Every structure is written in structure tokens, then in C-alpha cells.
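Subject: Structure handover

Hi,

Here is the structure for you to look through. My notes follow below it.

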Amino acid sequence: MHRVVFWALLALGIHTPPAFAMPCHCFPTRSFDSAKPATADPYFLATTQNAFMAVLFSQEKKDIVLTKQKPGVTAEGVWVAHWLSLKTGKEFGELLRAKRDKGSWRGAAASLHIDMRKLPPEFAATLNRGVDEGVLSSFIVNSLLVEKVLVKHGDLEALRGDGATDQETIIVSLLARKTGQSPGQLFRKVRKGEASWGELLQKAGIDGGKMVDEIRALLTSDARMKRN
């Protein structure tokens, strides 16, 4: 199901920050200012990804943020650990510790005797090659966005082909689902400097400070539409 998108991701050669880097989550600006429309964009990108992760994995957003602030932990690694925990039943903390101790997700999976048959074949094969965890996290993000019917395969491939990061892919998929607009067009507007993420969120009526509630409401609405 995810084969075309998956191999397209591999071709992009996505990379993650060094494992020893500690990302900063202290954003000085957290609200949209029409005079400086892009100032709060780093916050909107980060909080949307954190909220999406929290909703999908039934976590508190603050716990997601605190975990990402720990030395040696990346956003990509948190995606992989939570998703592997969901698929395999291994504890989230155990997975992160194994990754830290072994230095790779391939080593972590081997040390924890993870049954690869529980994972999508494409993901398992790539994990066994010891690729950058950014490729693994992007596979996961793509899979979940499609699973929740937030973006179509074709639109997703186009976004990734245009260089959209995990954060950008998540926020533009939510915006497009909320407004009915093309995710590709929205993404290109931001990339060309014609709009900011904060501006698009405001126009869509999405409160960037209450992103968990916004995402839950959107997913609940979609679930009702499917049943009807």
C-alpha cells in the first residue's frame, strides 16, 4: 500500500540532526502577528507535530515535548519508538534505551528480539539496512496520514518530492483537510513566501495554541463521515 511513497522517500535521502544534538523547544513567539507573519512558524510546526503524535499514540503533549528535550533523543526517534511500541508491544522507554545503547534502530530491534513479521515488509527491510532514522520516521508519518485519510497518496508523494519535512507534511495535510484546499498549493505558497503557516492556520480557523483539541476534532469529524 505504501510502496510507491516509501521508495520515493528513500530516493530523497532524508537526513536527521546528529543524535547528540538536543533540540530546543523554547519558542519566544507562539502566536500569529500579522506584522511579522512568519515569526511564530517554528512554534506552529513543532506544536502541530507534537500534538499529532500525542493524539495518535494516546500521550500527553507535554510528555512528548519533555522526551524530545532529553540528550540524544530526536523527533524522528520518538516517532520510531512510539510506532514500534504500538506495533510490537515493546515499551517505549525500552525502545529508546536500546537505540541509545546500540546506536541504531537495527541494533535496537535485534537486541530486543523484535519480530519483523509484525512490521510492514518495506519498513522491516529498510530497518535491517540500518538507514537514517529520518527515513523510518517519514515512512511512519506518511503511513499515519494516509491511514487517517488526511492526505491522498498522490498529494503525499508530491509534497515529499517538493522537499516537505515531517513537520511540514503534517501541518499542510491538516490544513488541507480542514479547508478542502490542495496541500501542494498551500505548501508552495509558504515555500514561495506568499503565506506563512501562522497565516494559513488563522485563515483556516485553527487555534495553534490548542492543536491537540483541533486535531482530535478533525479526526472525530472524519470518523463520523466514514460511518455515514
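D101 is exposed, at 55% relative accessibility. (Exposed means over 50% relative accessible area, buried under 20%, partly exposed in between, with a 1.4 Å probe and protein chains only.) R100 is exposed too, at 60%. The side chains of D101 and R100 form a salt bridge, 3.2 Å from N to O. By salt bridge I mean a side-chain nitrogen of Lys or Arg within 4 Å of a carboxyl oxygen of Asp or Glu.

This is a predicted model: local features need pLDDT of at least 70, side-chain atom pairs count only at pLDDT 80 or more, and totals for chains, interfaces and linings use all residues. Residues are numbered from 1 along each chain as its sequence is written, and side-chain values use heavy atoms, without hydrogens and water.

The whole structure holds 7 salt bridges. Another of them joins R117 and D115, at 3.0 Å from N to O. R117 is exposed at 76%. D115 is partly exposed at 26%.

D162 and R188 also pair up, at 3.6 Å from N to O. This pair links distant parts of the chain, 26 residues apart: D162 sits in the loop between α9 (153–161) and α10 (166–179), R188 in helix α11 (residues 183–191). (Helices are DSSP runs of H or I, at least four residues, numbered from the N terminus.) D162 is partly exposed at 38%, and R188 is partly exposed at 37%.

Lastly, T47. It lies in helix α2 (residues 41–56). T47 is buried, at 3% relative accessible area. Beyond neighbours within four places in sequence, T47 contacts K61, G208 and M211 (contact: heavy atoms within 4.5 Å).

Best wishes

Notes:
Helices (H or I, at least four residues) and strands (E, at least two) are DSSP runs, numbered from the N terminus.
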